Amino acid sequence: MITRESKTAVINDLKEKITNSRALFLTNVIGMEANEAVELRKTIRESKGALVVTRNSLFGKAAEGTYAEELLKGLKGTNAVAFAFEDAPGVAKALLETSKEVDAVVLGKGFLGEELLDENRVMALAKLPSRDEMLGTVLATFQAPVSSLARLINAIKDECETQGVEKAADLKLEAKAETAEA
């Protein structure tokens with residue numbers, strides 16, 4: 001049996017997670033083997049999140065007075081809440097990938113900021129690239145013009161060496177005629 005002090009500590013911890021998270025998602029982890037649950041928790045932790053499994057009544061008490069009160073009050077059945085402190089799509093993606101492997105795991109409703117998301121919108125969020133993937137895309141986009149310029153300069157240098165000239169202005173350009181067939 002859990003003591004009153006332990007319940008209070010769990011409620012306070014959950015309330016802190018609710019107020020500090022950028023997103024939260026209702027799910028469950030019933031039917032998962034221990035290794036699968038550990039892997040899910042690790043993946044969520046890598047996305048700067050946390051997965052909490054506790055009594056429904058404690059979720060309800062912790063949500064009182066917060067934006068998540070309507071979602072977490074009066075829960076029935078087995079539930080878990082995944083919190084995203086930085087990378088909401090990353091946490092949602094971890095839950096989605098696990099639900100594909102373990103049929104009993106269901107991706108439920110959630111919040112992004114203080115906006116309630118239904119299951120379809122949570123699914124759409126889970127299909128977005130994670131924060132790291134988006135940063136990689138932005139970095140590649142920034143590097144593309146610089147890389148193109150470096151390749152062009154290198155090609156000019158190579159052509160100068162091929163033609164035996166010191167300056168690019170002394171290069172002899174050959175006009176290449178291309179015929180377009182109709």
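**Overall architecture and local features of the predicted model**

The protein comprises 7 helices and 5 strands, as seen in a model that is predicted. Read from the N terminus, these elements follow the order α-β-α-β-α-α-β-α-β-β-α-α. The C-alpha trace extends over about 90 × 40 × 35 Å along its principal axes, and the radius of gyration of the protein is 27 Å, whereas a compact globule of 182 residues would have a value near 16 Å.

Of the 182 residues in the protein, 34% are buried. Among contacts with a separation of 6 or more, 73% are accounted for by residues 24 or more positions apart.

Two local features are described in turn. The residue D87 lies in the loop between β3 (80–84) and α5 (88–101), and D87 counts as buried because its relative accessibility of 8% falls under the 20% cut-off. The side chain of D87 reaches the backbone nitrogen of G90 at a distance of 3.1 Å. When neighbours within four places in sequence are left aside, the residues in contact with D87 are S47, S130 and R131.

A nonpolar patch is formed on the surface by L149, L152, I153 and I156, which together have about 360 Å² of accessible area.

Key
Residues numbered from 1 in each chain as written. Predicted model: local features only at pLDDT ≥ 70, side-chain atom pairs only at ≥ 80, totals over all residues. Heavy atoms only, no water. Helix = DSSP H or I, 4+ residues; strand = E, 2+ residues; numbered from the N terminus. Buried < 20%, exposed > 50% of the residue type's maximum accessible area, 1.4 Å probe, protein only. Polar contact = N/O pair within 3.5 Å; in protein donor to acceptor, adjacent residues only side chain to side chain. Contact = heavy atoms within 4.5 Å. Patch = residues over 30% accessible without salt bridge, like charges linked within 9 Å, V, L, I, M, F, W, Y side chains within 5 Å. Areas by Shrake-Rupley, 256 points an atom, 1.4 Å probe, with all protein chains shown as cover. Salt bridge = Lys/Arg side-chain N within 4 Å of Asp/Glu carboxyl O. Rg over C-alpha atoms; globule rule 2.2 N^0.38 Å.
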